[in-house]
Every structure is written in structure tokens, then in C-alpha cells.
Amino acid sequence: MRCAASTPPPEKILSPHYRPKITVVIATQLREERLEYLTAMHTSLKRQSVPWEAVIALDGADPALLPAPLAADPRVRTLALPRPVGAACARNFALTEVRTEYVNWADDDDAFTDWAMAVRLHTLETTGVGWCAGYSEDLHPDGTRSLWRCPTPPGRHNAGDVITYWKDPTDTIPIGPTTILARTDLVRAAPMGGLVQGEDYLAAVGVTCLSPGILLPIPVYRYRKHSGQMTAQESYNTLEAQARQVAFNFGHSLRSASSALQHAASTTAM
């Protein structure tokens, strides 16, 4: 599926007629080896055909290191944090700066497909669900891509359905966190969890437990594989099992608690 990209000229971007509907929230430490990837992420945003803006949380990084294309783009706002606080905390701080109806998490070394924003925004606006997600592609160092289909099947899902496709903490997570475009109020109700890794698992299962949504069977995000990514580090696996257990317990407990509240409310109304 393709949507024609039409980036407004710079002088029109912040005119009274430019109304961004989506904010992309990114946390970064502006590490030298990742600046090229961050610029590529920005390039993928410039190819989107719907109005957007980005909030970039500088996790203790020097704002002067921000790549020139991003610094010159008035759609990009930065939140400079005085010291490193970690990805989860930095993202949550940036979330307070969001002023659009919809929000999408993203990493500084990945990219969106050209149609990512348009197709999901159209779905949200025409159906009234709270979130819309898609598949992702692994982007390999040689430029090739491989499709990752999450365990959750395509289609509409009621609140709490997605977590049922995560049967065991060791299984693949049920949905890609960065593939989710959601209402900002939902994301604020289920922000990044206080973990050193796997915080996005918590955000994903939280949003999908709070509202119905739709999963589209098309790739909307490209997950870059490289030696510097966090998941490629030797220390990653030392806490991954615990992080998955926390997110797994949170999602299933939230679903159970929500079901119990709904049952109690329906019983009281009788």
C-alpha cells in the first residue's frame, strides 16, 4: 500500500494552516555512532503524507550535537534533560510535551515506512478505536529487510485481547510497541514503565488493555539491526527475563482487573 508523500515547504510548516495530528516521541543520547541513524529516522518522517511533529528527549546529551537537518526543521522540538535518566524516563518526560491527539513512540536508530502515519491515522479517524498498529520489518546492515509478524492476528481487537496472545513471558511479545499509533490520552494512561529495558513492552500491553484497537497486516516500522543496538549487547540478556516477567504480569493483571471492574459495574446496574 502506498500513500503519496507531500511535505509542506519550510515556510508553510508552522503557518496557521499547519496542524500536526501526530507526535513522534524519541529519546536519544546523541551518540556519535547513532547520529546517522537519527538523521535517517528524520528522513523517514519527512516522507510522511500527514502533518506531524516530533519531540526528542535529549537524555543528558548536548543539544549542539543534534544533526543539522533536525535542528533546522521547525517540526522537531527538543527537550534537553540536564543529566542522563534512561530511555523510559526520558520518553515519559517528552510525553508531557505532546500537544497532538495522537502519539507514536520511536527509537533513534529506526525508521518508518512511507505510508506508516497515513494508513494508521485514517484507520483511527474512521473507526474510533484508540490505537492502530501494524507489522514491522527488520532492517539489516546490508539494506535488506525481513518482515516480522507479531503473534496478535490482524483485525479489530477489544480492550485486553492483545495480551491473550502472550501465553508465556518467554514467548515473543504480542505486538510491536513502536508500531502502535494511539490516542495521546491512552498513552499517558499507560506510559513507559520504570524498567531499564523492556519499558516499551509495558507501554504496549497497557495501551492495548485500555482500549480497543486494530492491527493492520502491513509493515509500518523498520527496526534497524546493528552492533550498537541495545539488544545486541552482551549485558542485554541478564535482565531480559525479569523485564518480560514484569510486563507479562502487568498486562495479564490489568486485563483481569479491568474485567472484574466491568463485571462489578454491570452487576451493580442490574
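This briefing covers the confidence, fold content, cavities, helices and selected residues of a predicted protein model. The mean pLDDT of the protein is 91, and 88% of the residues score at least 70. The protein has 270 residues, of which 49% count as buried. Its secondary structure consists of 8 helices and 10 strands.

**Confidence and overall contacts**

- Residues 1-7 have a pLDDT under 50. The model gives this stretch 15 contacts beyond four places in sequence.
- Where pLDDT is low, the predicted coordinates should not be read in detail.
- Of the contacts between residues at least 6 apart in sequence, 77% join residues at least 24 apart.

**Largest cavity**

- A search of the whole structure returns 2 cavities of 30 Å³ or more. The largest holds about 70 Å³ of space.
- The lining of the largest cavity is made up of V103, N104, W105, P177, I180, A182, V187, D200, A203, A204 and V207.
- By class, the lining of the largest cavity has 9 nonpolar residues, 1 polar residue and 1 charged residue.
- Strand β4 (102-107) and helix α7 (199-210) each contribute at least two lining residues to the largest cavity. The largest share, 4 residues, belongs to α7.

**Second largest cavity**

- The volume of the second largest cavity is about 30 Å³.
- I26, L38, M41, H42, L45, A54, I56, L70 and V76 form the lining of the second largest cavity. These divide into 8 nonpolar, 1 polar and no charged residues.
- Helix α2 and strand β2 (52-59) each supply at least two of the residues lining the second largest cavity. Helix α2 gives the largest share, with 4 residues.

**Helix α7**

- Helix α7 has 12 residues, and its first and last C-alpha atoms are 17 Å apart, close to the 16 Å expected at 1.5 Å a residue.
- Because 10 of its 12 residues are buried, α7 is largely enclosed by the rest of the structure.
- The buried residues of α7 are E199, Y201, L202, A203, A204, V205, G206, V207, T208 and C209.

**Helix α5**

- Helix α5 covers residues 116-127. Its end C-alpha atoms are 17 Å apart, which agrees with the 16 Å that 12 residues should span at 1.5 Å a residue.
- Buried residues in α5 are A116, M117, A118, V119, R120, L121, T123 and L124.
- G128 follows α5 and has a positive phi, near 85°.

**L30 and its loop**

- L30 belongs to the loop between β1 (22-28) and α2 (35-46).
- The phi of L30 is positive, about 50°, although L30 is not a glycine. Most residues other than glycine have a negative phi, and most peptide bonds are trans.
- With a relative accessible area of 4%, L30 is buried.

- E36 is a residue of helix α2. Its relative accessible area is 62%, so E36 is exposed.

**P69 and helix α3**

- P69 sits in helix α3 (residues 68-71). P69 is partly exposed, its relative accessible area being 39%.
- Beyond four places in sequence, P69 touches T39 and H42. One of these, H42, also lines the second largest cavity.
- P69 and T39 are 30 residues apart in sequence, and their C-alpha atoms are 7.2 Å apart.

- T178 is placed in the loop between β8 (155-157) and β9 (181-183).
- The relative accessible area of T178 is 12%, under the 20% cut-off, so T178 counts as buried.
- Leaving out residues up to four places away in sequence, T178 touches N104, W105, A106, D107, F112, R120 and Y221.

Technical notes: Residues numbered from 1 in each chain as written. Predicted model: local features only at pLDDT ≥ 70, side-chain atom pairs only at ≥ 80, totals over all residues. Heavy atoms only, no water. pLDDT = per-residue confidence, 0-100. Contact = heavy atoms within 4.5 Å. Buried < 20%, exposed > 50% of the residue type's maximum accessible area, 1.4 Å probe, protein only. 1 Å grid on protein atoms, 1.4 Å probe; cavity = no way out; pocket = protein on both sides within 12 Å on 5 of 7 lines; lining within 4 Å. Points joined across faces, edges and corners; volume = space filled by probe spheres on them. Nonpolar A, V, L, I, M, F, W, Y, C, P; charged D, E, K, R; others polar. Expected span 1.5 Å × (residues − 1).
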